Amino acid sequence: MFPHQGQSGYGGVDAYEEQSGYEAQGAYEDRSGYDDRAGYEPTLPDQPSPALQLPGRDDPPTIELGPPLPDPSAPTYPYPAPGPDEPPGPVYVVGDVHGYLEELRAELRNQGLIDADGHWSAGRARIWFLGDFTDRGPDGIGVIDLVMQLAAEAAAAGGYCRALMGNHELLFLGAAKYGDEPVQSTAGTASFLAAWRLNGGQQTDLDRLEAHHISWLSRLPAIALEDGHLLLHSDTTAYLEYGESIPDVNDAVHSLLSDGSVDEWWDCFRRFTKRFAFRGDAGPMAVHELLDTYGGTRIVHGHSPIPYLTGAVHADDGQPPHIPGPYVYADDLAVAMDGGVTMEGRLLVARLPI
């Protein structure tokens, strides 16, 4: 476990301002740019038991025990066992969740990916979460627990449930590891804990963070390629600064999280908090730069809420933004998946291609 978990107190809220790229609305967006024990196996005696050495007595017969009885308490899932040559299932992506566990359950259920009890029901389907599980919403740890559960259940069904590392994962891990330890930012001295609180960090999540959560989060990839879709959390070209291939980028981030200093952590967080690289006239060129380097024909990302990308944060009548679904832009080369659930938008779950 990181040493500063649950530590309270931080410096002024002006410590983190370097990711500005749009006008923040309210409290919404970033204001700166098993038991492992081996089973006991008894050692057989060197000599047979005297009872088995009686004159005229044969060896006792071997009893065929058959398969073990099923555990009545084990969960059952409504899908058949996959065949050896069965093709992979469809691909789904999930936008930023930010602790909204019940909304996530509802959307996964609506897509037929989980059952009424919250268990995997999608067979060989493949799901990618695009990052940002925690902060702002009420139950970030609950979200992480659900994704970890679904990952195990999906693997048993021949599918998979995977996730990317978002900037809020970096922020959350940094707050737990480094607490109030100062970092140097262009806005002055700040700390991970201060920035995490400023960006919607929930103390209940930090209090419930356990070693297995940290281990799982720290191993998430930063970038992935699935059926021609380049999956990123952030709409930024900063990934190029960490390597010229997908394995290089992921290895670089994992190495940093394993051995990097607090300032290296902060710099990584700062880079992956940048946004809007694919918007405007130069957007398609930025998309092509990433696709030409890492492969794929289209980028799918989270991070920047669709209402900010479209400029329709609120309707003229003051109603919440209308989010009909994923937003396709940059000459149809980019798909945004953050429906703005934290600003009364939607938590998006969509099947690819869009």
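1. Buried means under 20% relative accessible area, exposed means over 50%, and partly exposed lies in between (1.4 Å probe, protein chains only). By this scale Asp-267 is partly exposed, with a relative accessible area of 23%.

2. The model is predicted: local features need pLDDT of at least 70, side-chain atom pairs count only at pLDDT 80 or more, and totals for chains, interfaces and linings use all residues. Residues are numbered from 1 along each chain as its sequence is written, and side-chain values use heavy atoms, with hydrogens and water left out.

3. Strands and helices come next. Helices (H or I, at least four residues) and strands (E, at least two) are DSSP runs, numbered from the N terminus. Strand S8 covers residues 298-301; Arg-298 and Val-300 point one way from S8, Ile-299 and His-301 point the other way, and all are buried.

4. Two strands pair if DSSP finds at least two bridges between them. S8 runs parallel to strand S7 (residues 229-232), and three bridges join them; Val-300 in S8 is the bridge partner of Leu-231. S8 also runs parallel to strand S10 (residues 334-336), again with three bridges. Here His-301 stands opposite Ala-336 in S10.

5. Side chains of opposite charge can pair when their charged atoms come close. A salt bridge is a side-chain nitrogen of Lys or Arg within 4 Å of a carboxyl oxygen of Asp or Glu. The whole structure holds seven salt bridges. In one of them, Arg-208 pairs with Asp-139, with the closest N and O atoms 2.9 Å apart. Arg-208 lies in helix H5 (residues 203-208) and Asp-139 in the loop between strand S2 (126-129) and helix H2 (140-156), so the pair ties together parts that are 69 residues apart in sequence. Arg-208 is partly exposed, at a relative accessible area of 35%.

6. Arg-271 forms a salt bridge with Glu-241, and their closest N and O atoms are 1.6 Å apart. Because Arg-271 lies in helix H8 (residues 262-271) and Glu-241 in the loop between S7 and helix H7 (246-259), the pair ties together parts that are 30 residues apart in sequence. Glu-241 counts as partly exposed at 46% relative accessibility.

7. Which residue forms a salt bridge with Asp-267? The partner is Arg-270, with the closest N and O atoms 2.5 Å apart. The two residues are three apart in helix H8, so about one helical turn separates Asp-267 from Arg-270. Glu-241, Asp-267, Arg-270 and Arg-271 are linked in a network of salt bridges.

8. Rings of Phe, Tyr and Trp (its six-membered ring) pair if their centres lie within 6.5 Å; planes under 30 degrees apart count as stacked, over 60 as edge-to-face and the rest as tilted. The count comes to twelve aromatic pairs. Phe-172 and Trp-196 are a stacked pair, 6.0 Å centre to centre with 20° between the planes. Phe-172 lies in helix H3 (residues 167-178) and Trp-196 in helix H4 (residues 192-198), so the pair ties together parts that are 24 residues apart in sequence. Phe-172 is buried at 1% relative accessibility, and Trp-196 is buried at 0%.

9. The rings of Tyr-327 and Tyr-329 have centres 5.0 Å apart and planes at 10°, so this pair is stacked. Tyr-327 is partly exposed at 26% relative accessibility, while Tyr-329 is buried at 7%. Elsewhere, ring pairs link Tyr-178, Phe-192, Trp-265, Trp-266 and Phe-269 into a cluster.
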